[in-house]
Amino acid sequence: NSPSFIRAPAGEVLAAGNSSLSQDAIAQQFFNANAGLFQSNTAGNEFSYQKESKDALGMTHLSYLQKYNGVEVFGAQMKAHFN
């Protein structure tokens, strides 16, 4: 029963970024603030940063893998998208 895709309505943002924070820090704050959506109390601590990529439109995509007690959860990943 966990979400497979979360997005903001057209013209809105899910989380306002603090320009002094990295995109990774903003994503981690979002994961923690919305941990209940991910059926976790500490979602930000369960997802470890893996890589960053940019698409043809210039959007940044951060990829995370879920770990439970230090062990990677097979097939469990999270992506954060920034424009």
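## Elements and model

Helices, of at least four residues, and strands, of at least two, are DSSP runs numbered from the N terminus. The model described here is predicted.

## The sheet

Three strands form an open sheet in the order E1-E2-E3, and their pairing is antiparallel. E1 (47-54) and E3 are the edge strands; each has a single partner strand, so one side of each is left without a neighbour in the sheet. Direction ignored, neighbouring strands of this sheet are turned by 25° against each other on average.

E1 and strand E2 (residues 60-68) run antiparallel and are joined by seven bridges. Within E2, Leu-62 stands opposite Glu-52.

## Helix on the sheet

Helix H1 packs on the sheet and touches E1, E2 and E3. The direction of H1 makes about 50° with that of E2.

## The largest pocket

The largest pocket holds about 1,000 Å³ of space. Its lining consists of 30 residues; those nearest the centre of the pocket are Ile-6, Leu-14, Lys-79, Ala-80 and His-81.

Helix H1 (23-33) and strand E3 (71-82) are elements that each supply at least two residues of this lining. E3 gives the largest share, seven residues. Sorted by type, the lining of the largest pocket has 19 nonpolar, eight polar and three charged residues.

Technical notes
Residues numbered from 1 in each chain as written. Predicted model: local features only at pLDDT ≥ 70, side-chain atom pairs only at ≥ 80, totals over all residues. Heavy atoms only, no water. 1 Å grid on protein atoms, 1.4 Å probe; cavity = no way out; pocket = protein on both sides within 12 Å on 5 of 7 lines; lining within 4 Å. Points joined across faces, edges and corners; volume = space filled by probe spheres on them. Nonpolar A, V, L, I, M, F, W, Y, C, P; charged D, E, K, R; others polar. Pairing = 2+ DSSP bridges. Axes fitted to C-alpha atoms, helices over the stretch in contact; angles between N-to-C directions. Contact = heavy atoms within 4.5 Å.
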